[in-house]
Amino acid sequence: MLERIQEFVDRLQLDTSRASLGVWIAAINVTIVVLVVGGISISAIGSLRDLANQQGEARVQLAGAMAREDVRRYAEDALTQAKGVADRQTFQRLLADRQTTAVGPYLRRSCNTDAIVSCAVFEADALMAQAGVELPWSEIVAAAAEQGERFMFVDATGRFAVLGASAQVGGATHRRLYVARLFDERMAAALGERVGIEIRLINYRAFAESKKADAFTRLHSAGLSDGRSAVMRIDERDLYAASFPIFAATGEAIELLEARLPSAEIDASVGGLVKRLLLTAVILAALAVLAGVILGWQVTGPVSTLTDAAEKLGQGDFSTFIPVGGTKEVGKLGRTMEDMRNNLIELTGTLRRREAEAQAVLSGIVEGVYAVDKSRKIRYLNPQAAHLLGVHPDEAIGRFCGDVLKPCLENGQRPCETRCPIIRARAEGSAMATERLNVVEGVPRTIIITSAAPVDELQVQVIRDETELEGVRRARDSVLANISHEFRTPLAAQLASIELLRAGFDTMSLDQQKELVLSLERGTLRLTRLIDNLLESVRIESGQLGIRHQSVSIAEIVEDADELVGALLKQRHQHLMRDLPEDLPDIEGDGPRLTQVLVNLLGNASKFAPESSIIGVGACHDDGSVTVWVEDAGPGVPEIENGSIFDRFYRGTDQEQEPEPGGLGLGLWIVKSIVDRHGGKITARRTADAKSRFEVRLPVAQGSV
């Protein structure tokens, strides 16, 4: 074997005397340039394609996860709608009177929406009425019994796959209302519109019974095996796909959520980069080959006098001076080597700078990237960073980075002067900092800045916007803290009343038992109000609070609110006094939402007013608007004049003097949000006769006198 290798090497040995030294130098230069440029190009293209694949898979997986979360939200919306219909007194009365012929039309009017396609009401196991799409309700009810209020169901034939919810009708435990929404193309289209890519919903049973085997079959099988998700690139379809199995509460697979992203979107950007890279490589190679040929032509004589200098240059000592004395030929060779030395110095510096920029771009291509010089003036800004900072790249170049980023002041100083990550990175090699930037006037954003060490007086930073993530964390922590605190007190009081009632059931007088039952009722009403306010705040925060504009009577709104809070007033022996002029014009707005405004205001008035006191409600009109007011004889709060009582999660500073435990601090915030969406205004003040008065000013309906 060794002999054959030696024989091959001997055959490769060329007769150097057959060509001049210049030709050999040019040939060697061409070979080296082709190998280096080709190797770098192949490696860079491979890295770009790998990064593009990772980006495509991440995008389609994120979109699929968002779509699956929307499916969970659909179940919550179905439960909310089921409870809303089941709690209506008209619906309960129709069922109690067994007016089954009227229940069906009522269900069609109440349940038939863009989302809910079918609903049914059961008494025990018997179907009383249904509306909408015909579904196997007996099987659905059996599945719902296993899963709880929210359920998913797929029939044995794989024809129907539904998502729904059930709610008890009033106090009748044997009657339940069921609402259902189909896993169909309409739901898939809605999900796709929300997440921005194509979404498909596949019936699990149809998938399981299908004998077709393709790339999507492998994808869904991987997702089912993982139990959460699977993602891959499907080359034969030129797309990225992700599979998210959807399971019922019992663990039964119901649907397969399939997200698709055409790979052409990703490949187009990569293709452009590859073309520019290849063009650059070809130009550099051509220039290098040209330089090699020229240098080869110039090498025509002995170079012995340049041996020492050449050896030092070969060892990497670019500071060595190349002698140019001697004969004409040696002088030419010396000058050529000096030119080579200068070119190598410049090329090495350029390669180092480009390597630092390429590393920053490749590691954070989806984030904002900018580079500064030693004076921290911006020399490079990618489009993502320009969009994030709200500036044009040409406007930012040459400016101090702090003037472009606009960080919020800390103790009267900019972070640029106290804890700049760029300065820290120069000493530590790298640094990371979280800063709040005023990129939009009055709307600070939370940004994470990662700074790398400087390379040849150029320093690269990567910025990532985490404003939305931080807001979600704060909202989650605040809501959970308030819920856990506020739900514990009424639940503990109810548990104590139940224990006293159970222990003294045979010994307590009827009045004592009634008192305990009334205490339980007050606690239940309070918990219901807390939950309603919490759900309403979620709708407001997510932008789902819709306002209908129609002509509404103030007297009807007051009457509806009185019916809803009448029990609370009766428990505290309070009386509602109305002052409503007969010629009061109608207002333009959403009747149920405005009723909710009065319910919250009257509930607060009942809570803070003394027992056996009078709570006033009235209205007046002038200049195209109607002012509705609610006042009570309660002590009021110091913050009533400055409006802070309308802040979200606001609670009084002196909570020990409250007649009942505090709420979540959402009631007045919800009231202000609803009034603002009506184009109105709410104020609070103390009257001259020491009463707390809340006034809501709303526009008069068009055409109302």
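**Notes on the model**

Author: Helix 3 is followed by Arg-98, whose phi is positive, near 55°; helices (H or I, at least four residues) and strands (E, at least two) are DSSP runs, numbered from the N terminus. This is a predicted model, in which local features need pLDDT of at least 70 and side-chain atom pairs count only at pLDDT 80 or more, while totals for chains, interfaces and linings use all residues. Residues are numbered from 1 along each chain as its sequence is written, and side-chain values use heavy atoms, with hydrogens and water left out.

Reader: Which residues are buried in helix 3?

Author: In helix 3, residues 89-96, Phe-91, Leu-94 and Leu-95 are buried, where buried means under 20% relative accessible area, with exposed over 50% and partly exposed in between (1.4 Å probe, protein chains only). These residues lie on the same side of helix 3, because they cover an arc of only 95° around the axis, the arc being that of the directions from the helix axis to the C-beta atoms.

Reader: Switching topic, how many residues are in the largest nonpolar core?

Author: The largest nonpolar core has 38 residues, and Ile-554, Ile-587 and Leu-601 are among those with the most contacts inside it; such a core is a set of buried Ala, Val, Leu, Ile, Met, Phe, Trp, Tyr and Cys residues joined through side-chain atoms within 4.5 Å. Several elements each supply at least two residues of this core, including helix 19 (554-571), helix 20 (591-608) and strand 19 (625-632). The largest share, seven residues, comes from helix 20.

Reader: And what does Ile-587 touch?

Author: Not counting residues up to four places away in sequence, Ile-587 touches, among others, Ile-554, Leu-594, Val-626 and Leu-698, with contact meaning heavy atoms within 4.5 Å.

Reader: How many disulfides does a search of the whole structure find?

Author: The search finds zero disulfides, a disulfide being a pair of cysteine sulfur atoms within 2.5 Å. The sulfur of Cys-420 is 5.6 Å from the closest cysteine sulfur, in Cys-401, which is too far for a bond. Cys-420 is also buried, with a relative accessible area of 8%.

Reader: Last one: what order do the strands have in the open sheet of four?

Author: The order is 6-9-8-7, with antiparallel pairing, and two strands pair if DSSP finds at least two bridges between them. Strand 6 (198-203) and strand 7 (230-234) stand at the edges with a single partner strand each, so one side of each is left without a neighbour in the sheet. Six bridges join strand 6 to strand 9 (residues 253-262), and the bridge partner of Glu-198 in strand 9 is Arg-260.
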